[in-house]
Amino acid sequence: MCGIAGYIGPRNAVRTVFEQLKLLEYRGYDSAGIAYLANGEIRILKRAGKLSALGKAVEEEMPEASQAIAHSRWATHGGPTDENAHPHYDQYQQIAIIHNGIIENYLELKDRLAAEGHVFRSETDTEVAAHVIGREYEDGLPLEEAVSRAVHKLRGAYAFVVVSKREPGKIVATRNASPLIVGLGEGEQFLASDIPALLPFTRKVVVVKEGQVAVLTRDAVRILDSTGRETEFEPMEVQWDVAAAERGGYEHFMLKEIHEQPEVIRQCLLGRIDEAGRIRFENIFSDYVWTEIDRINIVACGTAYHAGLLGKHLFESLLRLPTDVFFSSEFRYGDPVLSEKSLAIFISQSGETADSLAALKLCQQRRIRTLGVVNVMGSSIARECDRTILTQAGPEISVASTKAYMAQSVVLALLAFYLAQVREAPGVRVGEGVEELRRMADAAKRVLELEPQVRELAEPVARSPLVFFIGRAADAHVALEGALKLKEVAYIPTQESPAGEMKHGPLALVERGVVAIAGATDAHVREKTLSNMMEIKARGGRLIAITTEDDWSCEQVADHVLKVPKMRFDFFSALLSVIPMQLLAYHVARERGCEIDQPRNLAKSVTVE
Ligand code: F6R
């Protein structure tokens, strides 16, 4: 999720790559750095904090160079500090690299290199990769060959850009699962992780394919395949305007982030399932602690609270581990009863939500163990919790949270199966859970194909004075999130409740013209939900059902049926059903002409009470 830039040519390379980084700033990074070649040496300028901190250093030093690489970091391994910022040198400062991605086997490589005398200055996986490349380079190979050899030793996702003081006038880059784009100029060449960072300079681009190595010199670009053979490439002419390009061609960040969810699921799992299919987390509590825990309290706000409800569903149904979910604002003033052996889990995208932080302090005072499930590394909640699992969803720009909810829910599922693995929970098939988690990214991709159908429903929903969201079991929790999305971006009043609660009051609000969205992915309770759907229909409500692909019963009752893949665990099918709800909220908001990425009265990070 980091930003990458590179330049070789007659312009001032340092300023050029800095301009490129500015075009990626909308992502909201936590540190940045530049490496450039001057007087036969590689110089590195890097700073923690916003890009302006690096900008100040560039202004002070005014370096001149004809080739440079630059990086803006979204921390995953090691906090956002000057040391952890990219670029990183190898052991002998022969090369410098920048990296977007995660190297899964970096700890084992680091141990091996440390035993050979390598000294590391940062906590990052990237510095380990730099040393691995540097070690191959010691054999006197050309840089592209050393990079090509080294990446065979690395496991994970990466886009690397490398410069060497032994071979000035050359930039080498390669990728696996992380994006990398070459920009072609006249007597100058560019590199970037995203198209927006190229557009002011060139519209002629080459998308580097997985496993390929790009070699840039001032006058030419060569693309090599994974065996080192030169391959032909077809440059593309980009037509986007700059503003649309920042959003990856999408009209709004919300839509971009909804569509990023398959990739986000992959990122969440990256490095957390080993080759034998066992789940592992870095820097987490010991097995002893996990076995001792007798109760879980999940504390969060808004969308993160809704993900917490799904977590409760899993912890209780899979592990029979009593779990409560609290709104942070209630927990902090509620004098909660907390057992000594309990674990408090704080879920937060930003890691800065004031109520959640206050609730965390309360747990610390009571000496309760705390675990953060946080997206922003180095944020207050990530720092303050005893242990933190990062959701690895990348920056979320739209105020309405979508991909963070998916990431939080996937991490909670991973954690539940991890606990089952550690506690040897009777009857839980951890292997099947892992398989399902691995299927989720593709399943999410298939659900996104429902978008044309969802778009057609936007117009009638946009006219509805009130929209109901109902469901049972995990579907009831997802209904809360679907309703929140619709009200916050489309400003339509919603009534959300478990389907069985309708008769106890909310049914009074049903009249001709209202729309009800019913989650019916759970086959165990589907018949019951169908009865509740009929009660709404009988009173003039229009019904949209979300069910699984194997079900044909919803067609009998609902006016429209959207189908998501049938998963082996009901939790996962329910989680997938949030995607059409997010898409519906988006398209209804668009239909109504709302300010989608910045809904009125709301802010991305709620740092005040
Ligand atoms: C809704 C939304 C909010 C946040 C809530 C918690 O779309 O984004 O409800 O989920 O403000 O924020 P974090 O997760 O940053 O603690």
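Mentor: Asn283 is found in the loop between α8 (261-269) and α9 (287-292); helices here are DSSP runs of H or I with at least four residues, strands are runs of E with at least two, and both are numbered from the N terminus. The model is predicted, so local features need pLDDT of at least 70 and side-chain atom pairs count only at pLDDT 80 or more, while totals for chains, interfaces and linings use all residues. Residues are numbered from 1 along each chain as its sequence is written, and side-chain values use heavy atoms, with hydrogens and water left out.

Although Asn283 is not a glycine, its phi is positive, about 50°. Its relative accessible area is 64%, and therefore Asn283 is exposed (over 50%; buried is under 20%, partly exposed in between, with a 1.4 Å probe and protein chains only).

The largest nonpolar core has 103 residues, of which Trp290, Ile345 and Leu415 touch the most other members. Such a core is a set of buried Ala, Val, Leu, Ile, Met, Phe, Trp, Tyr and Cys residues joined through side-chain atoms within 4.5 Å. Helix α14 (residues 403-423) supplies the largest share of this core, 15 residues. Leaving aside residues up to four places away in sequence, Leu415 touches Phe281, Trp290, Phe315, Ile345, Leu371 and Ile389 (contact means heavy atoms within 4.5 Å). In soluble globular proteins, nonpolar side chains tend to be buried together.
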